Amino acid sequence: MKDIIRIEKLHKSFGEIKAVNDLTFSVKEGEFFAFLGVNGAGKSTTISMLCGQLEKDEGKIYIDGTEVDGKNDEIKRELGVVFQNSVMDKPLTVYDNLKSRAAAYGIKGKEFEKNLSEIDEKLHLQEIIKRPVGKLSGGQRRRADVARALIHNPKILILDEPTTGLDPQTRRMLWEVISELRVKRKITVLLTTHYMEEAADADYVVIMDSGKISAEGTPIELKNKYSGDFINLYNVDEEKVKILGKKYEKTSVGYKVEVEDTKTATELILKYPEIFSDYEIRKGKMDDVFLAVTGKKLIEGEKR
Amino acid sequence: MSVTCELIKRNCKLYFKDKGMFFSSMITPVILLVLYITFLAKVYRDIFMSGMPSGTEEKIINGLVGGQLFSSLMAVICITVAFCSNLITVQDKVTESIKDFLITPIKRSALAIGYYAATFICTFIVCISATGLCFIYIGATGWYMSAVDVLLIITDVFLLCMFGTALSSVVNIFLRTQGQMSAVGTIVSAGYGFICGAYMPLSQFGEGLRNTLMFLPGTYGTSVIRNHAMAGVFREMEKTGWPTEIIESIRDSVDCNIYFFGDKVDLWVSYLVVTITVFVLIGLYVLLNNKNFSAKLKNLFKKKNKVN
C-alpha cells in the first residue's frame, strides 16, 4: 500500500512553545490511523498544517504524492475534515450548509444532488436536512458534520476528536458509519482522539507528547512493547496470590496480577494449577501503553 | 463565478436569517429617523425660518428640512448598515466557520469577493428600502425632486454603499472577537454621523475642525447626496425669484457647497474623491486578503516585536 500522507521533519512553534517538534510519519492508503495525546500534545496543530489552515515553520507535508505548500490548493479536494466543534452555519439548514460547502469544491446542481443522496443512504439525513443546524441535537449535528466532510467524496477523512462530548450511543453510531465508509469507500481515516478504546481499534497509532512522537505502531505492537499482560484471578485467597511472586492489586471481584507476557502467564498456570481454577488472561490496554509511554493518564480527555 | 455566487447567497441568507444582526443594523436608521422626526426636524425648520423672509411658502421650508434630513440619514446609514452586515466576516472567524472554507480549494480572493458582494447587496437592499420610505416622507411634506434627482440619489446611495462596504471590509479584516465587533459597531454608529457632517453641517464647525474633516472622504459623500436631495427645492426657489445670494448662503450653510481650505469643491470632484476612495479601499482589501502579503505583514510585525 502506498503512503497517502507523508509528513517529514515538521516543525511549528507559537512563540517559545514548540507545538510540533520534528514530526515524521506516514499514513498508508485505506488505513485507520490514530493520533493519541493529551491536550496540547500537538495533534490539532499537525492536522491544521495538514489541511493548509496553518503555515508550517519547517518540514514537508505530502498528500497523495503532492506537497502541501499553499500553492496547489487542488490537493485539498482529497481531504474531508470533521472538526472538534461543529463549524457549520447554525442559522442555516443542513441542506444550505452542504450546498455552500459543496460549491466551494465546485460541486453544484445534479452532481451535488447525487453526492447528497449517496451520503443520505449512509447517514440518514432526511429527518434533519431541512432543519437549521443550530436546532439539531449533538448527535444529529455530528451526522451533519460527517455529511459535510464527505460531500465532495474525499480520499482521506480527518476526524479531529470527533466524539468529544458525545453520548455513548451517538459515539457508537458515528463509529458504525465510519467503519462502513472504510469498508465501502476504502477511505483513509486519520483520527485524533483522547479516547483509548477508539485508538485501540486503529490500524496504526502514533502517541504524541509535547509536539513529538513518543511511540508508534499497531495497537498490538504497542501493547506488547509498553504493557504486559494481566491475569484476573477469582475465588482465590490473597495468600495464594502472593505465592505467584508477581505484582498484584485487589479488585472488587478478585485480584489483578501483572505478568511480563502471555508466555509467563502460561508458565505460572502450569506451575500452580491449583490457584488457577477461575481466571482470565488479557492484554494490557491502550491506557497502560499511554501511561508507560508518557507518564500521563488520560481520563475523558483530561490529563492526570 | 458560480462558486462566488453560492457564497454570496450563503452570506446574504446568514445576514437576513440572523435577526440580531439584521435588527442591529436597523437600529441606527430607526433612531436617526425618530430623532429627526421628533426633534431635529423642528430645529432645522426654526433655523431655516429664522433666516428667511416672512411669507415664505411652507412647502419650500418642508422641502429644505426634508432634503436635509433625508440626505443626513442616508449618508450615515449607508455606512453603519454596511458595518453591521459585514459582521458576517467577523462572525465567521468567531464561530470558526471560516475554517470550513479554508480547507476547500476555493481561492481566498473568491471568498473575499463573496463577503464584499454579499455585504454590498444586503446594505443596498436595506438602504434602498430606507430611501423609498424617505421618499414617501418627503412626498407627504414637500416634494420638489425631478426624475433625474431621484436617479442621481439612487446612484449616490449605490456609491455610498460601495464606500461603506469597502471601508467596513478593510476594518473588519483586523477584527477577531465578538467584543471587537461590538466596539467597532458602537463607535461607527455613534461617531460616523458627526465626522461626515450628517448630524451637524460642517459649516457649523470651527475652521480647524472643518478643514480636518475635509480630509475624510465620507464628508464628500454626504455633500453629494445632500446636493441631489435638495436640488429640487433650490430650483423652485430660483424659479420663484429668490435672490441667488440667499440660495447660495443656504447651500453653504447646509454643506451643499463644501470648501477645502477656502476653495469650493465641485460636485464632480466630490464624486471623484468617493469613487477613488472606494477603489483604493477595495485594492487594500484585496491586498490584505492575499496570503503572501498577509504572511509578509505578519513577519514584519514579528520582527518588530522581537526588536522591541
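Guide: Begin with R6(A), whose bridge partner is S26(A) in strand 2 of chain A. This is a predicted model, so read every pairing here as a computed one. Step back to the two strands. Strand 1 of chain A covers residues 3–14, and nine bridges join it to strand 2 of chain A. The two run antiparallel. In general, strands of a sheet pair through backbone hydrogen bonds.

Now take in the whole sheet. It is an open sheet of four strands in chain A, in the order 2-1-4-5, with antiparallel pairing. Strand 2 (17–28) and strand 5 (66–67) of chain A stand at the edges. Each has a single partner strand, so one side of each is left without a neighbour in the sheet.

Next, the chain around it. Chain A is divided into domain 1, residues 3–222, and domain 2, residues 228–283. The centres of these two domains of chain A, taken over C-alpha atoms, are separated by 42 Å.

Chain A also touches chain B. There, 27 residues of chain A are in contact with 22 residues of chain B. On the chain B side, the elements giving two or more residues are helix 1 (2–17), helix 5 (97–102) and helix 13 (291–307). Helix 1 of chain B gives the largest share, eight residues. By class, the chain B side has nine nonpolar, four polar and nine charged residues.

Go on into chain B, to two helix pairs. First, helix 6 (residues 108–141) and helix 7 (residues 147–172) of chain B. Their axes come within 9 Å and cross at roughly 140 degrees. The two helices of chain B are therefore oblique to each other. Their crossing is right-handed. Among the residues that meet are Y115(B), F120(B) and F124(B) from helix 6, with I153(B), F158(B) and M162(B) among those from helix 7. This contact between helix 6 and helix 7 of chain B divides into 11 nonpolar, seven polar and no charged residues.

Second, helix 10 (residues 217–239) and helix 12 (residues 267–289) of chain B. Their axes come within 9 Å and cross at roughly 135 degrees. That makes helix 10 of chain B oblique to helix 12 of chain B. The crossing of helix 10 and helix 12 of chain B is left-handed. Helix 10 of chain B brings residues including P217(B), Y220(B) and V224(B), and helix 12 of chain B brings residues including L267(B), Y271(B) and V274(B). The contact of helix 10 with helix 12 of chain B has seven nonpolar, five polar and no charged residues.

Key. Residues are numbered from 1 along each chain as its sequence is written. Chains are lettered from A and ligands numbered from 1 in the order in which they are written. This is a predicted model: local features need pLDDT of at least 70, side-chain atom pairs count only at pLDDT 80 or more; totals for chains, interfaces and linings use all residues. Domain bounds come from an automatic or database domain assignment. Axes are lines fitted to C-alpha atoms, for helices over the stretch in contact, and angles run from 0 to 180 degrees between N-to-C directions. Angles under 35 degrees count as roughly parallel, over 145 as roughly antiparallel, 65 to 115 as roughly perpendicular and the rest as oblique. A crossing is left-handed if the near helix is turned anticlockwise from the far one by less than a right angle, and right-handed if clockwise. Two residues are in contact if their C-beta atoms, placed from the backbone, lie within 7 Å. Ala, Val, Leu, Ile, Met, Phe, Trp, Tyr, Cys and Pro count as nonpolar, Asp, Glu, Lys and Arg as charged, and the others, Gly among them, as polar. Two strands pair if DSSP finds at least two bridges between them.
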